[in-house]
Structure formats: structure tokens, C-alpha cells
4 protein chains.
Amino acid sequence: MKISGFFAPIPTPFNDREDIDLDHLRENLLKWGRSSLSGIVVLGSNGEFVSLSFEEKVQMIRFCREHFPAEKKVIAGTGCEGTRETIRLSIHLAEAGAEAALVVNPSYYKSKMTEKALEAHYMAVAEGSPIPVMIYNMPGNTGINMSAALLSRLSRHPNIAGVKDSSGNIVQISSTIKDSREGFSVFAGSGSYLLPTMIMGGSGATMAVAGIVPDHCAAIMEALDKGDLAKARELQMELLDLNAAVTSKYGVPGLKYALDLIGFYGGPCRRPLLPLEEGPAMEIRELLLRIGCKLER
Amino acid sequence: MKISGFFAPIPTPFNDREDIDLDHLRENLLKWGRSSLSGIVVLGSNGEFVSLSFEEKVQMIRFCREHFPAEKKVIAGTGCEGTRETIRLSIHLAEAGAEAALVVNPSYYKSKMTEKALEAHYMAVAEGSPIPVMIYNMPGNTGINMSAALLSRLSRHPNIAGVKDSSGNIVQISSTIKDSREGFSVFAGSGSYLLPTMIMGGSGATMAVAGIVPDHCAAIMEALDKGDLAKARELQMELLDLNAAVTSKYGVPGLKYALDLIGFYGGPCRRPLLPLEEGPAMEIRELLLRIGCKLER
Amino acid sequence: MKISGFFAPIPTPFNDREDIDLDHLRENLLKWGRSSLSGIVVLGSNGEFVSLSFEEKVQMIRFCREHFPAEKKVIAGTGCEGTRETIRLSIHLAEAGAEAALVVNPSYYKSKMTEKALEAHYMAVAEGSPIPVMIYNMPGNTGINMSAALLSRLSRHPNIAGVKDSSGNIVQISSTIKDSREGFSVFAGSGSYLLPTMIMGGSGATMAVAGIVPDHCAAIMEALDKGDLAKARELQMELLDLNAAVTSKYGVPGLKYALDLIGFYGGPCRRPLLPLEEGPAMEIRELLLRIGCKLER
Amino acid sequence: MKISGFFAPIPTPFNDREDIDLDHLRENLLKWGRSSLSGIVVLGSNGEFVSLSFEEKVQMIRFCREHFPAEKKVIAGTGCEGTRETIRLSIHLAEAGAEAALVVNPSYYKSKMTEKALEAHYMAVAEGSPIPVMIYNMPGNTGINMSAALLSRLSRHPNIAGVKDSSGNIVQISSTIKDSREGFSVFAGSGSYLLPTMIMGGSGATMAVAGIVPDHCAAIMEALDKGDLAKARELQMELLDLNAAVTSKYGVPGLKYALDLIGFYGGPCRRPLLPLEEGPAMEIRELLLRIGCKLER
């Protein structure tokens with residue numbers, strides 16, 4: 001399976017008691033299902049996967065797969081600190097319907113997570129997972145970066161389908177594309193470098209803004225396909241500030257707030273993530289207007 | 001409850017299939033129970049808590065409390081990424097017999113873990129935990145340091161009993177002692193700065209070497225009590241290299257290997273932690289001999 | 001003055017006693033003068049500017065301007081830790097013939113180099129420098145990154161002509177292009193992200209490989225001009241490993257060794273930079289052959 | 001020569017045009033000369049050495065040696081980015097009267113400053129310097145830490161007399177004391193860990209607060225000598241907040257402002273260091289009053 005296109009990493013909706021809110025999730029999925037998205041990533045960083053139990057994770061995937069169009073992919077975050085637990089979760093989420101496993105690297109024992117240890121980890125997960133593995137490099141959250149050399153070595157395993165690289169390091173992304181096996185998918189992990197990644201030969205992107213302005217993202221891809229570089233650049237530039245607001249600057253609370261404004265359900269985060277403050281909220285409102293969103297509140 | 005003395009953060013023993021090995025744990029607990037230790041910390045970083053399930057954590061505490069002398073304390077690691085889950089785990093581990101909860105801070109959403117967010121998290125946990133909370137500052141693993149100012153503010157809560165500071169930052173430790181409430185326990189998080197911490201007014205230490213050479217650690221405390229600073233310094237100096245080997249240098253695999261050599265059961269780690277390599281193994285062997293341990297292999 | 005094109009940051013040649021070797025410099029300049037380079041950067045990181053005296057800096061610029069074609073630009077590194085000294089050096093190097101001043105930010109007092117302090121510094125330098133200022137963002141060496149917001153604010157000053165961004169952060173580069181004043185030049189600071197930078201609207205690059213394979217760099221620019229993106233990407237990909245070898249991996253000793261191999265004079269570095277070891281030397285030899293260089297040794 | 005005692009790293013006084021103000025320096029030296037200080041460090045981080053020219057450095061040392069009591073030591077900062085220049089400066093400052101050279105490590109080419117490169121650098125400087133070398137480890141400013149293993153190896157050279165360790169890492173300080181040669185001086189690089197450093201066998205300290213409250217620092221040393229640990233700890237605790245204010249928090253501008261308040265001349269810093277803001281100024285004023293200083297403004 002070659003994974004390509006652009007995916008929205010969806011948040012997990014909670015009610016005011018911090019319980020998963022399936023009714024609102026259904027409504028969100030219905031809207032995303034009608035959009036130009038290639039698929040969704042469930043249980044990623046934006047899905048607050050670190051705050052969900054094993055059972056909740058299974059429930060989320062089962063529900064999403066059931067309520068999302070069959071022709072669009074559901075990728076599930078299955079990374080845990082332990083190798084064994086990551087394999088077990090990959091098996092369960094595959095059974096629940098996930099088509100691929102997005103596996104963030106273990107990171108608690110930072111100084112022991114050498115390339116040798118990470119390589120052994122991913123090889124074991126690739127062996128044990130019934131669905132293709134997509135490596136998830138997220139140094140901003142894990143404090144560990146996986147090098148192009150490591151990623152390229154891992155790409156040799158037939159069950160490792162690609163990498164979502166959220167480092168934003170375009171040189172590393174370029175080197176990974178150059179040195180990995182034919183057919184290996186390199187994804188931009190954020191919308192702010194979608195165009196540079198695609199230019200260098202990337203296969204797609206997983207990006208929070210795709211859940212907010214999927215048509216804008218689709219338009220970048222189309223401009224690129226047509227060779228209209230000026231248009232692609234212009235659209236990419238327009239995406240930068242909104243992208244920053246719902247990722248690096250204000251995180252999941254920012255993303256959920258943006259979704260609330262445009263007619264999806266965002267809702268609160270599980271603690272320790274705090275609700276968005278007023279200044280950032282105003283900023284997100286303005287950025288949504290500027291990029292052409294119709295606000296419902 | 002004032003927490004003081006020196007504690008061994010015990011590793012979780014696994015068999016070759018990576019399952020918890022209760023028989024060997026019982027034997028270890030029997031030996032530690034006869035030693036000069038004030039107590040043990042179960043499910044800390046050395047306990048590979050990030051690779052254990054909720055159920056395994058409950059089982060570990062129940063078993064440890066049952067097989068460890070009642071007059072010695074069992075402190076349980078209860079920190080999770082989510083606030084709600086941390087409270088839930090604290091309640092269950094309290095029921096299982098833990099006398100205090102060691103709570104490492106959430107760290108995945110690094111840039112959102114502001115002092116405000118961490119303060120709200122710990123206040124909620126302190127409210128919800130039926131047993132006293134000991135804050136666990138472990139920047140080497142979490143990538144986040146909690147300042148003396150934050151720790152001192154948190155010390156005002158009556159159910160926050162202390163902090164195990166593994167930063168090794170003696171200025172921060174001193175400032176925390178100076179500014180926290182009377183009766184708040186500041187613990188050295190590693191054996192390499194036990195003496196400086198006690199000199200500045202610390203209440204004790206949680207340190208991997210305490211599980212290997214408890215009498216050596218006790219001798220430092222005694223020399224200090226007697227005002228024999230020269231002796232205390234000499235003993236502290238002797239501890240440095242072994243301490244580094246079973247913590248920062250070789251981590252849990254180093255600690256488990258050392259235990260194997262001196263007649264405890266160490267055994268393998270859960271992956272992704274790799275087995276110790278030969279060079280480090282030889283080094284640990286020599287360091288144990290140098291500090292006077294009798295090797296059983 | 002709009003600065004554009006691609007520049008080679010040239011090394012300062014030393015003899016075996018670590019004295020500047022003007023004869024060899026003349027020969028190098030003659031060759032670079034005949035190449036497709038837009039100009040050279042003298043006294044940059046590759047010029048070991050931190051190991052040169054004020055007088056040596058003046059001498060270098062005077063000599064380079066004299067022996068380099070008048071129609072090609074000479075940009076001089078003038079950044080010092082002090083604001084006043086930076087201005088004084090800019091004045092002297094302008095008199096010596098430099099057409100622009102590349103100003104790395106002060107970085108010794110790291111925690112005090114707030115955006116406010118850096119803004120005041122650059123505004124004062126821009127006021128005092130008789131030649132246009134090009135900001136030099138080099139976080140790998142300085143430990144400080146200058147944000148797109150700061151760079152954009154600084155771009156408003158008419159005597160700040162551009163930025164050489166060596167962060168490699170393509171999002172920051174994109175945002176700087178988007179938010180800076182019309183006519184402000186954003187340069188890639190290394191050859192490994194030349195194409196992505198140009199795609200996003202950059203004006204050029206200053207890159208060590210330009211002094212080794214200027215025609216290869218020119219070919220990327222030409223392919224881009226013709227809209228032949230596939231060709232541009234292929235050429236960019238071919239540049240990556242050599243670029244890494246003479247910058248991030250082996251630094252100035254790597255660059256000088258590569259120059260030695262292809263018929264320029266590289267020579268030794270001033271200490272504390274150590275001579276290249278054998279393994280890296282072999283690697284650079286192979287990379288030069290692979291990219292089509294004719295080796296003269 | 002065994003270097004011991006406590007030293008004040010003095011700031012370089014400037015007038016409003018940023019020129020060195022020798023008249024005010026003379027007055028300051030007169031007062032410090034009458035105090036309990038063992039000596040002064042000139043051209044350290046607090047001396048803004050990075051903003052001074054070679055000639056100004058020579059002038060500073062000559063003037064200080066001339067106007068400071070002959071029985072008290074003058075240590076000169078001689079570290080430069082280049083090895084050769086560091087040796088040259090050490091020779092000139094020795095001729096100007098300095099009794100020891102405080103040598104900060106080169107740090108601009110961060111990734112190339114391996115332990116091997118730094119060892120070669122310091123060995124060459126030790127060979128070339130006519131006065132004893134004191135290594136200066138200042139990771140907060142240089143971005144590089146020198147390990148206890150490196151420091152201990154360097155201690156074998158007879159002309160390397162000691163290290164001023166400003167890392168604040170008490171474990172590293174302890175290990176350096178344990179593993180370095182007999183007679184090697186390990187100094188606390190800041191007043192906030194004077195007591196822990198002395199307890200572990202340190203030989204003294206170089207600390208900004210020593211220039212403000214020398215008697216308070218002397219009292220810590222005396223309490224230690226008498227074995228009055230409780231008193232020593234109390235005095236150390238009282239020093240913490242003021243020490244932080246004139247070092248890590250507000251830097252040289254904070255130190256100079258404090259000196260201005262207590263009757264010394266502080267004056268402005270050379271840019272890019274900004275003048276102290278009002279809030280910090282108020283804070284320093286209060287901290288000085290709290291520790292018992294008589295304010296003259």
C-alpha cells in the first residue's frame with residue numbers, strides 16, 4: 001500500500017466531563033467525509049492519544065471507521081512507550097478497522113533511545129503489526145529526532161510504508177526522500193511546509209489545517225499538479241499563520257477552538273491542556289476570516 | 001506525613017517473555033526489607049512505569065506492599081499524561097497500599113506545559129489523591145524542568161508532601177528548600193548529590209544505588225548526623241561512579257545488571273530498552289568490586 | 001541595492017604557521033572570479049572570522065576586492081559581540097571595498113539577547129553602517145535563532161537589505177519572505193535547501209558548495225528559471241551529501257580539504273579547528289567524484 | 001601556585017559614551033582592595049570581555065594590577081576563539097601584571113568543539129601561557145559543557161591550575177574534585193553553590209556577589225572553617241536571591257546597577273546589553289536592603 005494525499009489529524013471530542021463525545025464525533029466525521037480529504041489520522045498528537053486509555057483508543061477507531069466513508073483511509077496512532085504494547089495496540093486497532101498505524105517513537109528514556117534501540121523497536125513493530133506502519137517523527141513533543149539515515153534504513157522493511165515528519169527540517173525530509181526505498185511515503189507533518197515537501201518529492205501531508213480548510217489544501221495540490229508554482233506558493237503563504245495558530249502556537253486547544261468557530265465540534269481538551277485564552281481566541285477568529293472561512297459563532 | 005530518609009526506586013522484574021516475575025520480586029523485597037532502607041519507590045523511572053499497564057501497576061503495588069515490611073514505606077509512581085488518569089491511578093494505588101504518590105509531570109505537549117498548566121495539574125491531583133503527593137521533577141526524561149518558584153507555590157497545598165528533584169541542580173534544590181513551606185520534603189533524585197542536598201537542608205533521597213549499597217548510603221547519613229563531614233564527603237565521592245553507571249550512563253539495564261551481579265534478580269528490561277553491552281557490563285562489575293560488593297556471579 | 005544570486009562563503013587561507021596566505025588567496029580568487037558565482041562572502045563562518053584580528057579582516061577585504069572581478073560582489077562579515085565594534089568594523093570594511101555587511105548577531109550573553117536587544121543592536125548597526133546590512137541568522141553556531149517576526153520588523157529599515165538564514169527552517173524562511181518588506185532579500189544559508197528557498201520566493205543563497213561546484217549550483221537556478229522542476233529537484237538532491245560534508249558534518253576543515261582536492265588552495269585551519277581525519281577525507285573524496293569533480297590529487 | 005579563596009569578577013566601567021572610565025575604576029578598586037576579597041577576576045563574563053579590544057584588555061589589566069593591593073591576586077580573562085590569539089593575549093596580560101589566566105573555551109564552531117579539540121586547545125594554551133591557566137566552564141554562555149573527565153585529564157598539565165565551573169552542576173564539580181590531580185583548584189563559578197562546592201572539597205569561588213557583599217561571602221567561609229554548618233547554610237540561603245538577580249536573571253546590567261546603589265560605580269554596559277528595566281531595578285534594591293546593604297541612592 002502506498003499512502004499518499006493529505007490527511008486531517010482529527011481531535012478527540014470530549015464533553016464537559018472530559019468523556020468522549022461520540023455524537024459530536026459522528027457529526028464531524030460526516031462533514032470531513034464529504035470533503036476533499038484523502039483520509040483522517042485518529043489518535044495522533046491532535047487526538048490527545050496520550051490521555052486516552054487502551055479501550056478508548058479501540059472505541060475511537062471502531063467508531064471512526066464505521067462513520068467515515070470506506071473509500072477514505074483511517075490511520076490510527078498506535079505508538080506507546082513499550083515495544084510490546086505498541087504491537088498489541090496495532091493489532092487491536094487493525095481489528096477495529098485502521099488501515100495503517102502511525103507510530104511515534106518511545107521517548108521517555110531519552111538517552112537510551114539510540115538509533116540502534118529505535119531501529120530494533122520499529123523493526124519489531126513492523127514485524128508484529130498486521131497493518132502498514134507509518135513512522136511518526138515529532139521531535140517537538142518527544143525531544144528526539146530520527147535522522148534521515150535511520151528513516152532510510154527503516155524504509156527497507158516492507159511493512160514500513162512511510163514517515164510523517166513533523167520536524168519541519170526540509171533538508172532531512174529531502175534526504176529521506178532521496179535515500180529511502182522506492183515507494184516509501186514521506187509526509188509533511190504540518191501544513192506549513194506542504195509545498196516544499198511536495199516539491200522535493202513528498203507523497204502527502206498530515207496536517208491540522210486540513211481539517212479546517214481542506215479545499216485550500218486541495219487547491220495547493222492541484223496548483224502543483226498543473227505546474228502553477230506561483231499559485232501554489234501564494235496558497236501556501238496564505239496558510240502559514242493559521243497553521244501556526246492551530247499547531248505550534250496554541251496546540252490542540254487552538255485547533256478545537258477553530259473547529260468550534262466553523263461549525264464543527266471542537267469542545268474542551270482533557271487536562272492538563274488548558275482552555276484557550278482570549279487573546280489567542282481573537283487571533284484565531286481573525287485568521288479564519290482572513291483565509292475565507294465562514295464563522296458560525 | 002513528613003517523608004524522609006532514603007528510598008530505593010526498585011526496578012520491575014521481568015522474565016524472558018517480558019512478563020512481570022513476581023517470584024523474583026518477592027525475593028528482592030525480602031532482601032530490601034532487611035536492609036537499612038527507609039522504603040521503596042515502585043513504578044518510578046527505574047520501574048519502567050511507562051511500559052506497564054494500569055492493571056500491572058495495581059498488581060505491583062499490591063504485591064510490594066504485601067511483601068515489604070509494614071514499617072517501611074511504599075511510594076508509588078502515579079504520574080500519567082492526563083490529569084484525570086493520574087488521579088484515578090493515585091486512587092487505585094492508594095487502595096493497593098501505597099503510602100504516597102510520586103507524580104511525574106505530563107510532558108508530551110511540551111510547549112503547552114507552562115507553569116500555569118502544571119500548577120493546575122498538580123493542584124487537581126493533590127485534591128483528588130487520597131494519599132500525599134510527591135512531585136517528581138525529572139527533566140532528563142521529560143524535557144521539562146519545574147522551577148523552585150513553581151515547586152514552592154505547590155508546597156502550600158497540604159496534600160503535596162514533597163518533591164524528588166532529579167534535575168541535579170543544587171541551586172534549584174536550595175531555593176526550593178528555602179522557599180517551600182515548613183515540613184515540605186525535598187529529596188535528591190539521585191545518589192550523586194545526596195550529601196550536598198542534605199547539607200542544604202534536604203529531607204532525603206530516592207536513588208538507584210540505595211537498592212545496591214544501602215549500607216553505604218546509610219553510612220553517609222550517619223556521618224552527617226555525627227557531624228563527620230570528612231567521612232561523609234569521602235563516602236559520597238566513592239558513590240559517584242557507580243551511581244552514574246546505574247543511572248545516567250547505562251540506565252535501567254545498568255541497574256538491573258548490577259542487581260543480578262550482587263544476588264538480587266535484575267533480569268531483562270521491556271523493549272525498547274536494550275540489554276547492556278559487554279563494555280558497560282565489565283565497567284559495572286569493576287565499580288561494584290571497588291565499592292566493596294560481594295559478587296555472586 | 002537588491003542582493004540576489006548565489007555566493008560562495010570563502011575560507012581564509014592560512015599557511016602552516018597559521019598566517020594568512022595571500023598568494024594562494026589570489027589564485028583562488030582568480031578561479032572563483034571566472035566562475036558563475038554572483039559574488040563571494042568573505043569573513044563568514046567559513047572564513048574563520050572569529051579567529052581573525054581587526055587588521056587581518058581589513059586586509060582580507062581589501063585584497064579580495066582588489067583581486068576579484070569588479071562586477072561581482074564582495075560581502076564582508078562584520079558582526080562582533082559589541083554593537084559599537086560592529087559599526088566600526090562595518091565602516092572599515094566598507095572603506096576596504098565591501099559592498100555589503102553580513103552581520104551575525106551577538107550571542108555570548110545568550111539569555112540577555114532578547115528580541116528587544118537584538119532589534120536595538122541591528123537598528124544601530126543599520127544606522128551606522130555605510131553599506132547595506134545583511135542579517136546573518138546562524139543558530140547552529142550562536143545558539144540563538146532570530147524569528148521571522150523579528151526579521152520582518154528589521155526589514156523595514158532601508159539599510160537592512162536582507163537575511164542569510166542558516167537555520168534551515170523552511171517555515172521561518174517562508175514567513176520571513178511573506179512578512180518582510182518588498183525588495184528584502186531572503187537567502188538560503190546552505191546549499192541543502194536552495195531549491196525550497198527559491199520556490200518560496202527567496203532571492204538567492206550563500207553556500208559553501210558554491211565555491212566547489214558553482215556550475216552545479218547555477219544549473220539549479222537555470223532549471224528553476226525554465227520551470228523544469230524535475231531537473232531542479234534532481235540537481236538539488238545530488239547536492240545534499242556533499243553539502244552536508246563540507247558544512248554540518250566536517251565544517252571548515254572539510255571545505256578546505258575539498259578545495260585542496262579540486263585544485264584550489266584550502267590548507268589548514270587555525271586552531272582550535274582540527275585537521276580532517278582520514279575517514280571523513282575519504283568520504284569527501286568520494287562525494288566529489290560522485291558529483292563529477294575532477295580531482296587534482 | 002594553588003589558587004584559592006573567593007574572587008569578585010569585576011565589571012568594566014564605561015562612561016556614557018561607552019568608553020572605559022578609569023577614574024571610576026580606580027575608586028572601585030580602592031574599595032575592593034580594602035575588603036576581605038582574595039582577589040579579582042578582570043575581563044570575565046561580568047567584565048564584558050567580548051566587547052573589549054585587545055588594547056583595552058591590556059590597559060584594564062595594567063591599571064587593575066597597579067591600583068589593587070599587591071598581596072591580592074588579579075586574574076585575567078584571556079580566552080579567545082583562536083588558540084594562537086588566546087596564547088598571545090595570555091602573554092600580553094601576564095606582562096601587564098596578571099597572576100593567572102582565566103580561559104573560557106572557544107565555542108563558535110560548536111559541533112567541532114569536541115573533547116579532543118578542546119583538549120588540544122587547552123594543552124597548547126597551557127604550554128604557551130607564562131602564567132597558570134584556570135579553565136573557565138560557562139555552558140550558559142558558550143553552549144558547551146566541559147565534562148569532569150575532560151577537566152580531570154587537563155588537570156594533569158602542571159600549568160593548568162584549576163577550573164572555574166559555572167555550570168552549577170554539583171555532580172560534575174564533585175567528580176572533577178575527585179578525579180583531578182592533587183592541588184588542582186575547583187572553583188564555584190557563582191555564589192549560589194559556594195557552600196556545596198566547598199563541602200565537596202572545592203578551593204574557592206569566583207562570584208559576582210563577592211563584589212557586592214564580600215563580608216557575607218567571607219562569613220560563609222569562616223562558618224565552614226569553624227564547622228558551623230547551620231550558620232554556613234543560613235548565610236548561603238540568604239545569598240541565593242541576590243546572587244540570581246545579579247547573574248542569571250539580570251546579568252551584567254543587574255550587577256552594575258547593584259554596584260551603583262551601594263556606592264561603587266557600575267554605570268552603563270556596552271550595547272547590545274540593554275539598561276536594566278524598572279521592575280528588576282526595584283527588585284535588586286529590595287534584595288540589597290534585605291541582605292543588609294546600605295544604599296547610597
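These are my notes on how chains D and B pair up, plus a look at the nonpolar core.

**Ground rules.** I'm working from a predicted model, where local features need pLDDT of at least 70, side-chain atom pairs count only at pLDDT 80 or more, and totals for chains, interfaces and linings use all residues. Residues are numbered from 1 along each chain as its sequence is written, chains are lettered from A and ligands numbered from 1 in the order written, and side-chain values use heavy atoms, with hydrogens and water left out.

**Symmetry.** I superposed chain D on chain B: a rotation of 180° with 0.0 Å of shift along its axis does it, RMSD 0.0 Å (least squares on C-alpha atoms of residues with pLDDT of at least 70 in both). The two copies are thus related as by a two-fold rotation axis. Within chain D, Pro196(D) comes closest to that axis, its C-alpha at 2.6 Å.

**Interface.** I looked up contacts (heavy atoms within 4.5 Å) and got 21 residues of chain D against 21 of chain B. The pair buries about 1900 Å², 73% of it on carbon and sulfur atoms (accessible area lost on being put together, 1.4 Å probe, summed over both). I found 2 salt bridges across it (Lys or Arg side-chain nitrogen within 4 Å of an Asp or Glu carboxyl oxygen). In one of them, Asp241(B) pairs with Lys178(D), closest N and O atoms 2.9 Å apart.

I then checked Ile212(C), which touches Leu242(C), Val246(C) and Leu255(C), among others, not counting residues up to four places away in sequence.

Conventions. Core = buried A, V, L, I, M, F, W, Y, C linked by side-chain atoms within 4.5 Å. Buried < 20%, exposed > 50% of the residue type's maximum accessible area, 1.4 Å probe, protein only. Buried area = accessible area lost by both parts, 1.4 Å probe.
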